[in-house]
Every structure is written in C-alpha cells, then in structure tokens.
Amino acid sequence: MPWRSTDDNWGHLTRLLHWGIALAIIALAVIGLYMEAMPNSMAKLKVYALHKSLGLTVLALALVRLLWRLFDRRPAYPAAMPGWQRQLSGFTHGLLYVLMFAMPLSGWLYNSASNFPLRWFNLFRVPALSGPDPELKSLALLIHQAGFYLLAALVAVHVGAALYHHFVQRDATLARMLPGLSVPKEPR
Amino acid sequence: MMKFRYLLLPLALIVCAPLPAADWSVQPGARLGFEATAQGETFHGEFKTFAASIRFDPADLDGARFEVDIDLGSVDSRNSERDEMLADAAFFDSGRQPKARYVAERFVALDDGRFRAEGVLTLRGVSQPVPLAFSWQVEGEGATLKGEATLDRIAFGVGGGEWSDAEVIGHQVRVSTELSLTP
C-alpha cells in the first residue's frame, strides 16, 4: 500500500493520522472527564499536564492532516451512495476538522487566560495565547465544553456511518481506512 | 468647654513630640508581592490586604520597629485556581490561620546605603527569622521603602508532603514590597 491515497484506498499516512488522532481524542476525553473531579494533588497536576500535552499533540497532527488532505487525493464515495449521504458526510467531516482545531486551541486559550504555565510533555515551554483574563477564560472554557459535546455527537455519527457502510451497505468505506488493509478496486 | 479645648491642644503637641523614631502612615498603593516557581515557570503574586505599622528613622535604628499583618486570604496570583490552592490546608491554611505576621525590632545599616530588618515571620503558626533588606528614600516630607527578602517555604510548612518536591514548586520564594510613607 502506498503512502499516498488512491481512488480506492486511503494511503498509509492518512490512516496513520486518522487512527493516531482518534486514539489521542479518546484518551483526551477519558482524561478530561476524569481530571476535573480530582482533589488538588500532585497526581491532578500530572494528569492535567498529560491532557494538555496530548491536546497540543492533536493540534500539531491536525495541522499535518489538513495540509496532507489538501495535497493528497481522496478515494471516491461508493457509487451507490445517495446525494444526501454525501452531503452529510461532507458536513460531518468538515465539522470534525473544525473541532480538531477548536478543541486544542480553546484548551490552550483557557490555560493561557487562567495564567497557568504550559509545557509539552515537560520537554519545552509553550507560549501563552493571552494574558490572564477572567472573561476570556470563561469563554474559552465554554467553547471547550460545548465543543466536547458536539465532538462526541459527531463521533457517534461518524462511527455509526462507518458501521452502516460496513455491515449494512457492505462496502469498503471502513475497510479502506483500517490499518494495513488494502481493498480491491470497486466495480463502478 | 471651649476653653478646655484650647488648653488641651498645646498639651497634645508636647505629648506627641518626643517620640523616639517617626511613626509613618502607609499610603494607598502599597505593594507586598512574591515570586515563586511552579512547574518550571516563575509566577508572581501579591497580598491585596496587609497592614504595616512602620516606625523608622535612619538616625535612630534602635528605636525602629516594623509590624506587618498580612491577610493570607487576600493572595492574588492572577490565577483563581492557584489562589484557591494556596488557601488550602497544605499551603497557607488560611481558613485556620488567616493572617501571617512580620515583626522586626532589630535593624542594621548595610554598606550599600540600605538597611536590613532582622525580623521574624510567623506563618501557619511557625516563626522563623526572615531578614528584609530595604532601601529608604526620603522625598520631601515622605519616604519610600523598597524591600526584598527570600524565604524557604518548607521552613514554614507551606506545601509539605507530596508538594515538597522542588521540581514542581520551588522552595525559595522571593518577597518584595514597596511602601509610600508620609509622616
């Protein structure tokens, strides 16, 4: 399987980015939901630091992914797919891209406006996006929290659609994104 | 009645005049700040509420006295989560001991023209010597005091136990203050 995508298959890089970001987002959601209720402790600091570092990683990967998507070709939709499904797919994917940026950026802004330091896996310092600002802090938190629920809903639609294609439509939509799998050319 | 008042005025002047050293009043805008490190970054904070009574005359160090009451709950590091954490039992414990107190009764003149207050800070019920080096600038009737001190938070039990790791929260805290004083 080549690094670049073809008409029938996603390339290595796209699959790597897709599953890498997917795993990171699941980890971020689990950590994020858990960490808020923790009592003040050294463990809490470390868990927050991990959430922030993972989030910044997703931001960097999302940027790579967006640039690669603009450069790389994309496999075609299954020929039998109705127009409204193509539109819904385009809309869902567009919003997923928006949230891949909005979630880490709003988290970063929330951290900056709260006046917390930021380091990436304790390796280097990440600059603040703003000075201490209580109003901006509330706004950033609101975006981050609302963004989470929107993201969760979009992921449900995304996963539901993938499973629908795989088990109901029995097409290659899911298989061609799975790691290491190459699907044969679809008759059109 | 009027006559009594006129009689009391010169008496009051006589009583006030022979003070050993000047008692100053602190002007609004006084600042008591600190600088510490957390997670590899320096952060600044200050105490919004504190009361300082300053008796000082460079010519009469023996008669000098500083007494400062610091309202620990007024800490502001421009980070509400951190301020809440500082109020916790593990740090200032300001619910149980709302105030810290600094008292200096011994003063020495330094070679660079500044002075040093050999004071004692009481924080969380722990009293430890904390020398405060300060400059004393006279401007007309008034004076400006600019002071610096460094203390070890561990000596006062601020952030003990799991918080004592200097890699996460530095042990040395730099304190600085600036007071505008009028007679």
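Which residues form one aromatic cluster with B:Trp24? In this predicted model, the cluster consists of B:Trp24, B:Phe56, B:Phe66, B:Phe107, B:Phe115, B:Phe134 and B:Trp136. Over all chains, the count comes to 18 aromatic pairs. One of these is the tilted pair of B:Phe56 and B:Phe107, with 5.8 Å from centre to centre and 55° between the planes. This pair links distant parts of the chain, 51 residues apart: B:Phe56 sits in the loop between strands E4 (50-55) and E5 (65-71) of chain B, while B:Phe107 belongs to strand E8 (residues 107-109) of chain B. B:Phe56 counts as buried because its relative accessibility is 0%, and B:Phe107 counts as buried because its value is 8%, the cut-off being under 20%.

A further aromatic pair, B:Phe34 with B:Phe43, is edge-to-face, at 6.2 Å centre to centre and 85° between the planes. Both B:Phe34 and B:Phe43 are buried. B:Phe43 also has a charged neighbour, as B:Arg82 lies over the face of its ring at 3.9 Å from the ring centre. In chain A, A:Lys52 lies over the face of A:Phe116, at 5.0 Å from the ring centre.

A:Phe116 leads on to the second largest pocket, where A:Asn115, A:Phe116, A:Pro117, A:Arg125 and B:Glu41 lie nearest the centre. The pocket has a volume of about 270 Å³ and a lining of 18 residues. By class, 9 of the lining residues are nonpolar, 6 polar and 3 charged. Helix H3 (83-113) of chain A and strand E3 (41-47) of chain B are the elements that give two or more residues to this lining, and E3(B) gives the most, with 4 residues.

Conventions:
Residues numbered from 1 in each chain as written. Chains lettered and ligands numbered in written order. Predicted model: local features only at pLDDT ≥ 70, side-chain atom pairs only at ≥ 80, totals over all residues. Heavy atoms only, no water. 1 Å grid on protein atoms, 1.4 Å probe; cavity = no way out; pocket = protein on both sides within 12 Å on 5 of 7 lines; lining within 4 Å. Points joined across faces, edges and corners; volume = space filled by probe spheres on them. Nonpolar A, V, L, I, M, F, W, Y, C, P; charged D, E, K, R; others polar. Phe/Tyr/Trp six-rings, centres within 6.5 Å; stacked < 30°, edge-to-face > 60°. Buried < 20%, exposed > 50% of the residue type's maximum accessible area, 1.4 Å probe, protein only. Lys NZ or Arg CZ within 6 Å of the ring centre and 35° of its normal.
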